[in-house]
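Dear colleague,

Please find below the structure that I am handing over to you.

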Amino acid sequence: MMHSFHLALLPPALTLRTLRRRPRAAGLRHAECLALMRLGSPALSVERMQLRRLAMFAEWDDESALDRFLADDDLGRRLDGGWHVRLQYLRRYGEVAALAGLPVQAGRWDPEEPIVAVTLARLKLPELPRFLKWGRPVERLVARHPGTTFATAAVRPPHTFSTFTIWRSVREMTDMVYGRSAVPQAHTHTVAMAEQHRRDFHHESAFMRFRPLSEHGTWEGRSLLPDVGA
(Lines give C-alpha, C1' and ligand atoms only; values in the text may rest on other atoms or scores of the structure.)
Protein backbone atom coordinates (compact mmCIF):
# COMPACT_ATOMS: atom_id res chain seq x y z
CA MET A 1 0.00 0.00 0.00
CA MET A 2 1.09 3.56 -0.69
CA HIS A 3 -0.49 7.01 -0.82
CA SER A 4 -0.11 10.07 -3.01
CA PHE A 5 -1.22 13.69 -3.01
CA HIS A 6 -1.65 15.58 -6.29
CA LEU A 7 -2.10 19.20 -7.36
CA ALA A 8 -3.04 20.18 -10.91
CA LEU A 9 -4.45 23.05 -12.95
CA LEU A 10 -7.63 21.96 -14.76
CA PRO A 11 -10.49 23.59 -16.66
CA PRO A 12 -13.29 24.36 -14.15
CA ALA A 13 -15.73 22.05 -15.96
CA LEU A 14 -13.33 19.11 -15.56
CA THR A 15 -12.79 19.93 -11.87
CA LEU A 16 -16.56 19.97 -11.29
CA ARG A 17 -16.97 16.66 -13.11
CA THR A 18 -14.18 15.12 -11.03
CA LEU A 19 -15.72 16.40 -7.79
CA ARG A 20 -19.00 14.71 -8.72
CA ARG A 21 -17.48 11.40 -9.82
CA ARG A 22 -14.26 10.19 -8.26
CA PRO A 23 -11.83 8.25 -10.47
CA ARG A 24 -11.79 4.48 -10.73
CA ALA A 25 -8.74 2.50 -11.76
CA ALA A 26 -7.12 -0.87 -11.19
CA GLY A 27 -5.16 -0.73 -7.95
CA LEU A 28 -6.79 2.51 -6.75
CA ARG A 29 -8.28 1.75 -3.34
CA HIS A 30 -9.73 5.18 -2.63
CA ALA A 31 -9.46 8.76 -3.93
CA GLU A 32 -10.61 12.09 -2.52
CA CYS A 33 -10.88 14.78 -5.20
CA LEU A 34 -11.31 18.37 -3.98
CA ALA A 35 -11.04 21.96 -5.16
CA LEU A 36 -8.22 23.95 -3.59
CA MET A 37 -8.92 26.82 -1.22
CA ARG A 38 -6.53 29.35 0.26
CA LEU A 39 -5.90 28.87 3.98
CA GLY A 40 -7.26 31.74 6.05
CA SER A 41 -9.22 33.32 3.18
CA PRO A 42 -12.60 35.01 3.83
CA ALA A 43 -15.49 32.60 4.26
CA LEU A 44 -17.37 34.10 1.29
CA SER A 45 -14.81 34.49 -1.47
CA VAL A 46 -13.64 32.80 -4.67
CA GLU A 47 -10.49 31.81 -2.75
CA ARG A 48 -12.54 29.28 -0.75
CA MET A 49 -13.20 27.11 -3.81
CA GLN A 50 -10.74 27.44 -6.70
CA LEU A 51 -12.26 25.42 -9.53
CA ARG A 52 -9.15 25.68 -11.70
CA ARG A 53 -7.05 23.91 -9.06
CA LEU A 54 -7.71 20.28 -8.22
CA ALA A 55 -6.26 18.31 -5.32
CA MET A 56 -6.40 14.52 -5.14
CA PHE A 57 -5.44 12.37 -2.16
CA ALA A 58 -5.29 8.68 -3.03
CA GLU A 59 -4.56 5.24 -1.61
CA TRP A 60 -3.06 2.63 -3.96
CA ASP A 61 -2.27 -1.07 -3.87
CA ASP A 62 1.31 -0.22 -4.82
CA GLU A 63 3.44 2.25 -6.75
CA SER A 64 2.93 0.49 -10.07
CA ALA A 65 -0.84 1.08 -9.82
CA LEU A 66 -0.17 4.81 -9.51
CA ASP A 67 2.25 4.72 -12.46
CA ARG A 68 -0.37 3.00 -14.63
CA PHE A 69 -3.03 5.53 -13.65
CA LEU A 70 -0.80 8.48 -14.53
CA ALA A 71 0.11 6.94 -17.87
CA ASP A 72 -3.21 5.47 -19.02
CA ASP A 73 -6.13 7.32 -17.41
CA ASP A 74 -7.47 10.59 -18.87
CA LEU A 75 -7.52 12.30 -15.46
CA GLY A 76 -4.24 10.63 -14.53
CA ARG A 77 -2.48 12.16 -17.52
CA ARG A 78 -3.77 15.59 -16.48
CA LEU A 79 -2.48 15.04 -12.96
CA ASP A 80 0.85 13.83 -14.31
CA GLY A 81 1.34 17.31 -15.79
CA GLY A 82 1.03 18.88 -12.34
CA TRP A 83 2.74 18.07 -9.05
CA HIS A 84 2.51 15.10 -6.73
CA VAL A 85 4.26 13.50 -3.80
CA ARG A 86 4.39 9.78 -3.01
CA LEU A 87 3.86 8.96 0.64
CA GLN A 88 4.53 6.27 3.23
CA TYR A 89 1.77 6.11 5.83
CA LEU A 90 2.92 6.38 9.47
CA ARG A 91 0.16 7.38 11.90
CA ARG A 92 -3.45 8.51 12.24
CA TYR A 93 -5.54 10.20 14.89
CA GLY A 94 -9.27 9.73 14.41
CA GLU A 95 -10.87 7.68 11.66
CA VAL A 96 -12.63 8.10 8.33
CA ALA A 97 -14.70 5.15 7.13
CA ALA A 98 -13.26 5.23 3.60
CA LEU A 99 -9.75 4.73 5.05
CA ALA A 100 -10.71 2.46 7.93
CA GLY A 101 -8.17 -0.15 6.87
CA LEU A 102 -5.27 2.03 8.00
CA PRO A 103 -3.72 0.87 11.28
CA VAL A 104 -3.38 3.46 14.02
CA GLN A 105 0.40 3.36 13.55
CA ALA A 106 2.47 1.74 10.82
CA GLY A 107 5.97 3.09 11.35
CA ARG A 108 8.38 5.14 13.41
CA TRP A 109 9.97 8.49 12.64
CA ASP A 110 12.84 10.78 13.59
CA PRO A 111 11.71 14.05 15.22
CA GLU A 112 13.93 16.00 12.81
CA GLU A 113 12.83 14.38 9.54
CA PRO A 114 10.37 16.07 7.13
CA ILE A 115 6.74 15.05 7.46
CA VAL A 116 3.54 15.46 5.47
CA ALA A 117 0.24 15.91 7.32
CA VAL A 118 -3.16 15.30 5.72
CA THR A 119 -6.46 15.93 7.45
CA LEU A 120 -9.76 14.65 6.06
CA ALA A 121 -13.11 15.52 7.61
CA ARG A 122 -16.85 15.23 6.89
CA LEU A 123 -18.39 18.34 8.40
CA LYS A 124 -21.73 18.45 10.20
CA LEU A 125 -23.30 21.25 8.14
CA PRO A 126 -25.10 22.88 11.13
CA GLU A 127 -21.64 23.23 12.73
CA LEU A 128 -20.24 25.28 9.81
CA PRO A 129 -20.36 28.66 11.65
CA ARG A 130 -18.46 27.19 14.62
CA PHE A 131 -16.04 25.40 12.32
CA LEU A 132 -15.19 28.66 10.53
CA LYS A 133 -14.94 30.65 13.75
CA TRP A 134 -12.44 28.30 15.37
CA GLY A 135 -10.82 26.90 12.25
CA ARG A 136 -9.83 30.01 10.32
CA PRO A 137 -7.36 31.24 13.01
CA VAL A 138 -5.72 27.80 12.81
CA GLU A 139 -5.57 28.09 9.02
CA ARG A 140 -3.74 31.41 9.33
CA LEU A 141 -1.38 29.96 11.95
CA VAL A 142 -0.44 27.01 9.73
CA ALA A 143 -0.18 29.07 6.53
CA ARG A 144 2.29 31.50 8.12
CA HIS A 145 4.20 29.00 10.25
CA PRO A 146 7.97 29.00 9.59
CA GLY A 147 8.01 25.21 9.95
CA THR A 148 5.94 24.63 6.79
CA THR A 149 7.29 24.62 3.26
CA PHE A 150 3.75 24.35 1.86
CA ALA A 151 0.24 24.48 3.29
CA THR A 152 -3.13 24.38 1.59
CA ALA A 153 -6.70 23.27 2.11
CA ALA A 154 -9.34 21.84 -0.17
CA VAL A 155 -13.07 21.27 -0.22
CA ARG A 156 -15.67 19.11 -1.91
CA PRO A 157 -19.21 20.33 -1.30
CA PRO A 158 -21.28 19.85 0.62
CA HIS A 159 -19.25 18.69 3.62
CA THR A 160 -15.78 17.26 2.86
CA PHE A 161 -12.77 19.31 3.91
CA SER A 162 -9.06 18.51 3.82
CA THR A 163 -5.77 20.16 4.70
CA PHE A 164 -2.35 19.27 3.32
CA THR A 165 0.85 20.55 4.90
CA ILE A 166 4.54 19.82 4.42
CA TRP A 167 6.72 20.37 7.48
CA ARG A 168 10.47 20.73 7.75
CA SER A 169 10.40 18.39 10.74
CA VAL A 170 8.07 16.31 12.88
CA ARG A 171 9.18 18.38 15.86
CA GLU A 172 8.02 21.66 14.33
CA MET A 173 4.67 20.12 13.41
CA THR A 174 4.03 18.74 16.89
CA ASP A 175 5.14 22.01 18.48
CA MET A 176 2.43 23.73 16.43
CA VAL A 177 -0.18 21.15 17.42
CA TYR A 178 0.51 21.60 21.13
CA GLY A 179 0.96 25.37 21.05
CA ARG A 180 4.70 25.34 21.73
CA SER A 181 5.81 27.31 18.65
CA ALA A 182 7.46 30.69 19.17
CA VAL A 183 5.03 32.40 16.77
CA PRO A 184 2.12 34.84 17.24
CA GLN A 185 -1.16 33.22 18.29
CA ALA A 186 0.57 29.88 18.87
CA HIS A 187 -2.28 28.77 21.14
CA THR A 188 -4.97 28.84 18.44
CA HIS A 189 -4.66 25.16 17.50
CA THR A 190 -4.96 23.89 21.06
CA VAL A 191 -7.95 26.18 21.65
CA ALA A 192 -9.67 24.91 18.49
CA MET A 193 -9.03 21.29 19.46
CA ALA A 194 -10.53 21.88 22.88
CA GLU A 195 -13.63 23.32 21.21
CA GLN A 196 -13.84 20.30 18.91
CA HIS A 197 -13.62 17.93 21.88
CA ARG A 198 -16.37 19.90 23.61
CA ARG A 199 -18.70 19.47 20.61
CA ASP A 200 -17.40 17.80 17.48
CA PHE A 201 -17.61 19.78 14.24
CA HIS A 202 -17.55 16.60 12.15
CA HIS A 203 -19.32 13.33 11.49
CA GLU A 204 -15.87 11.79 11.08
CA SER A 205 -12.33 13.09 10.77
CA ALA A 206 -8.74 11.88 10.65
CA PHE A 207 -5.34 13.55 10.99
CA MET A 208 -2.69 11.46 9.21
CA ARG A 209 1.10 11.58 9.11
CA PHE A 210 3.15 10.45 6.12
CA ARG A 211 6.81 10.23 5.22
CA PRO A 212 7.45 11.87 1.82
CA LEU A 213 9.13 9.36 -0.49
CA SER A 214 9.51 11.22 -3.78
CA GLU A 215 8.38 14.48 -5.37
CA HIS A 216 7.30 14.75 -9.01
CA GLY A 217 6.84 17.96 -10.98
CA THR A 218 6.59 21.49 -9.61
CA TRP A 219 3.77 23.65 -8.29
CA GLU A 220 3.66 27.32 -9.24
CA GLY A 221 7.22 27.02 -10.49
CA ARG A 222 8.82 25.46 -7.44
CA SER A 223 9.48 22.26 -5.55
CA LEU A 224 7.56 21.89 -2.29
CA LEU A 225 9.49 19.36 -0.23
CA PRO A 226 12.14 20.77 2.12
CA ASP A 227 15.77 20.45 1.12
CA VAL A 228 16.89 17.96 3.73
CA GLY A 229 20.50 18.74 2.93
CA ALA A 230 20.12 22.46 3.72
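A residue is called buried here when its relative accessible area is under 20%. Phe201, with a relative accessible area of 4%, is therefore buried. Please bear in mind throughout that this is a predicted model.

**Aromatic pairs**

Phe201 also belongs to a ring pair. Its partner is Phe131, and the two ring centres are 5.9 Å apart with planes at 70 degrees, so the pair is edge-to-face. Phe131 belongs to helix 4, while Phe201 sits in the loop between helix 6 and strand 8; the pair thus links distant parts of the chain, 70 residues apart. Phe131 counts as buried as well, at 15% relative accessibility.

In the whole structure, the search finds nine aromatic pairs. Another of them joins Phe5 and Phe164: the centres of their rings are 3.9 Å apart and the planes stand at 10 degrees, so this pair is stacked. Because Phe5 lies in strand 1 (residues 2–9) and Phe164 in strand 7, the pair ties together parts that are 159 residues apart in sequence. Both Phe5 and Phe164 are buried. Through ring pairs, Phe5 and Phe164 form a cluster with Trp83 and Phe150.

One further ring deserves mention. The face of Tyr93 has Arg91 over it, at 4.2 Å from the ring centre.

The largest pocket has a volume of about 1,000 Å³. Its lining comprises 37 residues, and those nearest the centre are Thr119, Thr163, His189, Met193 and Phe207. Several elements give two or more residues to this lining, among them strand 4 (83–95), strand 5 (115–123), helix 5 (170–177) and strand 8 (202–216). Which element gives the most to the lining of the largest pocket? That is helix 4, with six residues. By class, the lining of the largest pocket holds 22 nonpolar, 12 polar and three charged residues.

The second largest pocket has a volume of about 260 Å³. Among the residues that line it are Leu14, Arg17, Arg21, Arg22, Pro23, Asp73 and Arg78. Helix 1 (12–20) and helix 3 (74–80) each contribute at least two residues to the lining of the second largest pocket. That lining divides into seven charged, three nonpolar and one polar residue.

**Two individual residues**

Thr149 is part of strand 6 (residues 148–156). Is Thr149 buried or exposed? With a relative accessible area of 14%, Thr149 is buried. Setting aside residues up to four places away in sequence, Thr149 touches Ile166, Arg168, Arg222, Leu224, Leu225 and Pro226.

Pro103 is found in the loop between strand 4 and strand 5. Its relative accessible area is 35%, and Pro103 is therefore partly exposed. Apart from neighbours within four places in sequence, Pro103 is in contact with Tyr89 and Arg92. Asp74, which also lines the second largest pocket, is 29 residues from Pro103 in sequence and 32 Å from it in space, C-alpha to C-alpha.

With kind regards

How values were computed:
Residues numbered from 1 in each chain as written. Predicted model: local features only at pLDDT ≥ 70, side-chain atom pairs only at ≥ 80, totals over all residues. Heavy atoms only, no water. 1 Å grid on protein atoms, 1.4 Å probe; cavity = no way out; pocket = protein on both sides within 12 Å on 5 of 7 lines; lining within 4 Å. Points joined across faces, edges and corners; volume = space filled by probe spheres on them. Helix = DSSP H or I, 4+ residues; strand = E, 2+ residues; numbered from the N terminus. Nonpolar A, V, L, I, M, F, W, Y, C, P; charged D, E, K, R; others polar. Phe/Tyr/Trp six-rings, centres within 6.5 Å; stacked < 30°, edge-to-face > 60°. Buried < 20%, exposed > 50% of the residue type's maximum accessible area, 1.4 Å probe, protein only. Lys NZ or Arg CZ within 6 Å of the ring centre and 35° of its normal. Contact = heavy atoms within 4.5 Å.
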